[in-house]
Amino acid sequence: MFVTVENFLADYKNEAVLTKKLLDALTDASLKQETAPGYRTLGELAWHLVPNDSMFKPMGLSIKNPGSSEVPASASDIAEQYRIGADSVIEAVSKWDDEKLQETNEVFGYEWQNGLTLSLFLKHEIHHRGQLTVLMRQAGLPVYGAYGPSKEEWAEMNIPSL
Ligand code: NI
């Protein structure tokens with residue numbers, strides 16, 4: 001639960017940089033990489049990271065989003081839409097004062113304070129971003145660390161990875 005707008009923005013800006021870095025490493029061909037037959041592809045998972053209205057609209061915020069559930073064929077389109085969405089989240093929440101975070105709204109059928117919704121929004125992105133890195137590995141793409149170096153980043157530091 002965030003109790004200050006400033007704390008959310010600081011955390012989100014950091015997370016968005018990490019997410020963007022991974023999305024920028026995707027290739028068009030890699031988007032078809034599957035978790036398992038019938039499960040999300042890398043493209044679907046990346047598209048799922050683009051902020052949408054589902055958590056923001058109930059809080060009375062309007063954010064820019066592609067308005068389509070169809071996954072683009074181009075990795076750079078997905079990365080661009082993520083950028084637009086993330087910038088829009090930052091712009092929208094920046095207009096709030098801290099009291100707004102205490103306000104309760106119904107999201108997915110739950111009564112959540114806005115500060116909790118923002119926290120869950122961020123956790124959801126981090127959760128799926130972790131899944132994304134596994135599919136990126138399977139697709140042979142480079143992976144960047146978030147809360148610890150990736151294997152290649154350990155190698156750059158001349159430290160064997162654990
Ligand atoms: Ni999800």
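**A metal site, salt bridges and a charged patch**

Okay, let's start inside: R129 and E15 are both buried. Buried is a word with a cut-off here: under 20% relative accessible area, while over 50% is exposed and anything in between is partly exposed, using a 1.4 Å probe and the protein chains only.

Before I go on, what are we looking at? This is a predicted model, where local features need pLDDT of at least 70 and side-chain atom pairs count only at pLDDT 80 or more, though totals for chains, interfaces and linings use all residues. Residues are numbered from 1 along each chain as its sequence is written, and side-chain values use heavy atoms, with hydrogens and water left out.

R129 and E15 make a salt bridge, and their closest N and O atoms are 2.8 Å apart. By salt bridge I mean a side-chain nitrogen of Lys or Arg within 4 Å of a carboxyl oxygen of Asp or Glu.

How many salt bridges does the structure hold? There are 6. Here are two more of them. K95 pairs with E91, with the closest N and O atoms 3.8 Å apart. K95 counts as exposed because its relative accessible area is 65%, and E91 is partly exposed, at 44%. Then K100 pairs with E103, and there the closest N and O atoms are 3.2 Å apart. K100 is partly exposed at 25%, and E103 is partly exposed at 33%. There is also a network: D24, E80 and R83 are joined by salt bridges that share partners.

D24 sits in helix α1, and its relative accessibility of 46% makes it partly exposed. From D24 to S150 is 126 residues in sequence, and 16 Å in space, C-alpha to C-alpha.

Now the metal. Which residues coordinate the nickel ion? They are H48, H124 and H128, each through its NE2 atom, at 2.1 to 2.2 Å. The rule for a donor is an N, O or S atom within 2.8 Å of the metal (3.2 Å for Na, K and Ca), and since water is not among the atoms, sites may look incomplete. Along the sequence, the donor residues follow the spacing H-x75-H-x3-H. Why are H124 and H128 about one helical turn apart? It's because they are 4 residues apart in helix α5 (residues 114-138). Are they buried or exposed, or in between? H124 is partly exposed, at 31% relative accessibility, whereas H128 is buried, at 6%.

Next, the surface. E6, D97, D98 and E99 come together there in a patch of negative charge. A patch takes residues with over 30% relative accessible area and no salt bridge, joining like charges within 9 Å and nonpolar side chains (Val, Leu, Ile, Met, Phe, Trp, Tyr) within 5 Å. The areas come from the Shrake-Rupley method with a 1.4 Å probe, and for residues only the protein chains shown count as cover. Lys and Arg count as positive, Asp and Glu as negative, and His and the chain ends are not counted. Each charge is placed at NZ of Lys, CZ of Arg, CG of Asp or CD of Glu.

D98 is partly exposed at 32%, while E99 is exposed at 61%. E99 and T4 are 95 residues apart in sequence, yet their C-alpha atoms are 8.3 Å apart in space.

Last bit: backbone angles. Most residues other than glycine have a negative phi. F108 has a positive phi, near 50°, and is not a glycine; look for F108 in the loop between β1 and β2 (110-113). N158 isn't a glycine either, and has a positive phi of about 60°. You'll find N158 in the segment after α6 (151-156), and at 71% relative accessible area N158 is exposed.

Technical notes. Helix = DSSP H or I, 4+ residues; strand = E, 2+ residues; numbered from the N terminus.
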